[in-house]
Structure formats: structure tokens, C-alpha cells
Amino acid sequence: MIETPSRLTGREGKTTVLICKFTHPHPGYPGNITVTWKEVRANVMLYSYTNYPSLNSQNVVFENMIHQNTNERYQVLGNPRENDASIIIKQLSLHDNYQQYICLVNLSHYPNETSQSSIQTITVVPAARNDLVPVSGKKGDSATLPCAFNPPEWLSQSVTVLWMKESPDKESTILNQTRFLRAGSHYIDSVTVNEGQRYELIGNLTQGDASIRMRDLWLNDSSDYFCRVHVRIDNQENVTQDVLRLQVDAPATILELSAVRENGTGTVIVCRVVGEPFANITWVDDKGSPVHRGTTVTREPGRHQTLGKLRNPALRGTYSCVAENKHGRDSRQIDFPSTDSNYSNFIVGMLCLIPLIKFLLLLVTGIILFMKIKGSSICLCLFCDLKQE
């Protein structure tokens, strides 16, 4: 048995998932599973692959062999070993509007049996001007992620809202909430996933609004978010999908300012800054003049950090690291070379030489005394010999 929604709604230019779930075989099935997707009206195979156990590993590892991928528009999403044959359509276009799709699943242990899904039809919503404008928020604040769908009919049994981060697969789910509708305005909510308890469904589902609020934003919350709404009426299911971008900003903040010694390059003053967008770093000497010689800036996107370096400052004194982006400015000072490890090593080295210098002085003094005493003895012996003569 294969389950698919009867209708899908996606937005032009965005990623859309063709959903296909099947109930056979059992999870331990060892044979090959071949999945095929066709467009019904033209009877054209769009995508086909076989999931098979790899023979090159000591452990059982399953891999996919792609047989057909028309225009390279499709990609595996579901795991057939978990009874999920769903795939992704990249860059949905208006030409996909009202296209009809079927999913076929074939098991190598049952070559004469091919399971076929019912037809699912795609409706494509034309792109809007603000589709490419991301939702913005600041670190520590809250942000609202909007998601609209066709309002459920009064006969609807339930509405399930899924939100995923970075990818539309189930492992990326941050919120999974189902509202079971009852007579009148009564309903029952069931929340199976709420990652970190940071998400809240704030939209009015009866009006086609599945928006959520995300609280306590972090910089690594910047990502694509996938909204999927399932409306079930009796044995039919309509699914609406959308994708949006969240951009989390933060003022420039200096995390570290220190002087270190790098092998082969001498002394370096390091200034590490976190912030989004990336901070601009300026070095200023104790006279208030910008320093340009020996400065470098590198960025670390995954950590939202900027690393500024000032190599081998020409003069001793106080240097300032000034970090700034459109949301804030931060600065710190460091004395050079009092924190210079090269200077410190010189002082330590001199202190270590003091005992050696003392030893050498004592040795020289001893030699001189020894020579004087020996010289006196020689003179005395010569005098005694002359007297005897």
C-alpha cells in the first residue's frame, strides 16, 4: 500500500517535495528497492533509482544507483529502507502547474509485484516580489516565520504543521504540531517535536496561517526553513509547501585581543570578533592614527567571526582594535611590547643568565688568585736559592 497526498501546492522557484510513503516491506528487508516517478499525462519517466546493499563494506550499507533524472531536476529525499520514497523537485516552475505524478515501488524479491500510488497533482503559486527577501532578526530576540496555505474546509479532520531547518527531511524537523478539529471552534493540539522548546505556532490555522515564532535567536539560526502543511479530509490529504530564509544579525563584539609569537613571522597582535554581518577591523596606534602596515583580515563564515592580525608593530606603545558593523561597534586596547612574548622571553633569558655570570666571575677570580699565589711561591724559591749560593 502506498500513501500520497492528492494535491500539492508549491511556490515558483522554490524546492518542492513529492511525497510517497509505502507500508511494505518490513524494515529488515535485504533486497533491492527500485523507486520510479512518472508524469501521468505524458506517461514519461522523470526519475528512477535503485536502493541496494553495498558489497564493499563489512557492515551493511545501502546506496542509490540513479537510472533516470530528467533535466537533473530531481533528488532523493526519503529513505526507502524506512518506507519513504519521497523526492525533491528543484526550482519549481509554472510549467509544472497541474502536472500529475505517480510513484511506483518495486522489490527485487517480488519481481512480479509493483506497487503504484494514486495520482497527486501539483499547483504552482507564482513567485512574489518579496520571496527573495529574508526574514531578519537580531541575536537574542524573537522572529516570526510566515507560512500561508489554503484554509481548511469545515469538514477537515486535522491540520498538521511541519517546519524543517536547512533540508525538508524529517531529521531536520524543528516543529511538528497537529491540530485535530472538532465541532464549533474546539480543537485538540498534539506536539510531537519542538526542538529546544523554542518554537510556537502563532498563526490562525482556520484562516490559512501556519506562521511560527522563534525565540532567543542564535547566529547559527540563519538558514533556509521549510514549511509544510497537511490538511486531511476523510481519506484525502492536501499539502502546501513553502521555503523562506532567516537571517540573524548581531553587533560586532571583540572576543579576544592578545599578542602571540608565530613561528617564522615574529610577533602578532590578534583581534577576534564575532558579529553578523562580518565586522570591519581597524587598528589604531596610541596617537590615534590608523595602522595599515602588516594588517590582515580573514573571515570564518561557519563561526560568524572575523580575525584581524597586526604583524610586528614598528613602535612600542598602546594599540587599539576597533571592530564595527551596521549593528554596533566595539574596541579594546593592548600595550605593546609589555605583552609581547618575545620581550618577555628576553627578560626571562637575562634572568637565567645571572647564575652563569656569577659562576664565570668566581671562576675568573679564582684563577687570578691562584696565579698570584703560584707566582709568589716561585719568587720565594728563587730568593732562597740565591741566598744559599
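**Close-up views of a predicted model**

At 51% relative accessibility, D234 counts as exposed (exposed means over 50% relative accessible area, buried under 20%, and partly exposed in between, with a 1.4 Å probe and protein chains only). This is a predicted model, in which local features need pLDDT of at least 70 and side-chain atom pairs count only at pLDDT 80 or more, while totals for chains, interfaces and linings use all residues. Residues are numbered from 1 along each chain as its sequence is written, and side-chain values use heavy atoms, leaving out hydrogens and water.

**View 1. D234 sits in the loop between strand 20 and strand 21.** Although D234 is not a glycine, its phi is positive, at about 55 degrees. Strands here are DSSP runs of E with at least two residues, numbered from the N terminus. Most residues other than glycine have a negative phi.

**View 2. The largest cavity holds about 50 Å³ of space.** A cavity is a set of points on a 1 Å grid over the protein atoms alone where a 1.4 Å probe fits but cannot get out, and lining residues have an atom within 4 Å of a point. Grid points are joined across faces, edges and corners, and the volume is the space filled by probe spheres set on the points. Among the lining residues are T15, M164, F226 and D242. Strand 20 (223–233) and strand 21 (236–262) each give at least two residues to this lining.

**View 3. P25, H26, P27, Y29, I33, P80, R81 and N83 line the second largest cavity.** This cavity has about 30 Å³ of space. N83 has a positive phi of about 60 degrees although it is not a glycine, and at 15% relative accessibility it counts as buried.

**View 4. Strand 5 (residues 33–39) is mostly covered, with 5 of its 7 residues buried.** Strand 5 pairs with strand 6 (residues 44–53) in the antiparallel sense over 7 bridges; two strands pair if DSSP finds at least two bridges between them. Here T34 has T50 of strand 6 as its bridge partner. Strand 5 also runs antiparallel to strand 10 (residues 100–107), joined by 7 bridges, and V35 stands opposite V105 in strand 10.

**View 5. The peptide bond from E276 to P277 is cis.** Its omega is near 0 degrees. Look for P277 in the loop between strand 22 (266–276) and strand 23 (280–284).

How values were computed: 1 Å grid on protein atoms, 1.4 Å probe; cavity = no way out; pocket = protein on both sides within 12 Å on 5 of 7 lines; lining within 4 Å. Helix = DSSP H or I, 4+ residues; strand = E, 2+ residues; numbered from the N terminus.
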